[in-house]
Amino acid sequence: MTDQRTKLRDNLMQALPEINLIRKDDLREKVIEGWMFSLQQNGLEHIDQLPPQAAPEHPPFKPGKGTQSGHFRGVGHIAQGIADGLEKIHPEVKIDRDLLWACALCHDLGKPYEMGAANQARWKADDATSGDPAIRHPAYGVYVALTVGLPEAVAHSAGYHSGEGELVLRSLIATIVHYADDSYWHCVERAGLLSGTIFGRKRH
Ligand SMILES: [Fe+2]
């Protein structure tokens with residue numbers, strides 16, 4: 001492994017320690033590969049070089065109050081809480097926790113592309129030519145997930161956790177991730193951690 005890849009991997013494992021909750025070796029390695037690919041393709045060395053906000057048009061965290069890696073971890077823990085609650089009352093519902101963590105940690109795999117400063121400037125300069133954004137993070141997330149060989153279920157969660165999910169029937173895990181993501185942003189906003197309101201903003 002090159003020094004650059006070793007550094008990228010170390011940064012990633014430090015930023016998202018919950019990756020180690022994924023017990024299946026192959027799935028865990030693919031999650032790592034997915035994030036390394038997305039960061040590397042977009043010239044980033046660390047997830048927290050991404051601005052700490054739900055989407056480019058959303059308000060960021062107040063200084064020191066939150067990070068993008070914290071968001072991914074928070075969504076994973078909220079998703080786990082939803083799964084625990086469901087299984088407690090409905091024991092016949094079985095949720096694959098390895099897959100749940102992989103889907104939660106990878107739901108925003110596409111953010112390095114959508115949130116890249118150069119892409120944002122390029123799209124805003126001529127939106128009639130490119131569209132703005134030309135490609136949202138869910139679509140880019142599907143590209144990354146399938147490129148590195150992550151399971152279709154992870155690509156599905158990345159692609160349909162947000163507004164795009166209104167066009168399909170989401171899987172159970174993608175449904176959990178969708179609500180975990182939505183809950184996370186609405187709760188941190190009501191907790192006073194964001195620099196503005198997300199009321200009425202549907203896409204993140
Ligand atoms: Fe998210």
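Axes here are lines fitted to C-alpha atoms, for helices over the stretch in contact, and angles run from 0 to 180 degrees between N-to-C directions. The model is predicted. Two helix pairs are described below.

**α2 and α8**

Helix α2 spans residues 25-41 and helix α8 spans residues 137-147. Their axes come within 9 Å and cross at roughly 125 degrees. α2 is therefore oblique to α8. The crossing of this pair is right-handed. On the α2 side, the contact is made by G34, F37 and S38. V144, A145 and T147 supply the α8 side. By class, the contact of α2 with α8 holds 3 nonpolar and 3 polar residues, with no charged ones.

**α4 and α10**

Helix α4 covers residues 97-106, and helix α10 covers residues 172-190. The two axes come within 10 Å, crossing at roughly 45 degrees. That angle makes α4 oblique to α10. α4 passes α10 in a right-handed crossing. From α4, the residues in contact are L99, L100, C103 and A104. They meet I173, A174, I176, V177 and A180 of α10. The class count for α4 with α10 is 9 nonpolar residues, no polar and no charged.

**Geometry of the pairs**

| Helix pair | Axes come within | Crossing angle |
|---|---|---|
| α2 (residues 25-41) and α8 (residues 137-147) | 9 Å | roughly 125 degrees |
| α4 (residues 97-106) and α10 (residues 172-190) | 10 Å | roughly 45 degrees |

Methods: Residues are numbered from 1 along each chain as its sequence is written. This is a predicted model: local features need pLDDT of at least 70, side-chain atom pairs count only at pLDDT 80 or more; totals for chains, interfaces and linings use all residues. Helices (H or I, at least four residues) and strands (E, at least two) are DSSP runs, numbered from the N terminus. Angles under 35 degrees count as roughly parallel, over 145 as roughly antiparallel, 65 to 115 as roughly perpendicular and the rest as oblique. A crossing is left-handed if the near helix is turned anticlockwise from the far one by less than a right angle, and right-handed if clockwise. Two residues are in contact if their C-beta atoms, placed from the backbone, lie within 7 Å. Ala, Val, Leu, Ile, Met, Phe, Trp, Tyr, Cys and Pro count as nonpolar, Asp, Glu, Lys and Arg as charged, and the others, Gly among them, as polar.
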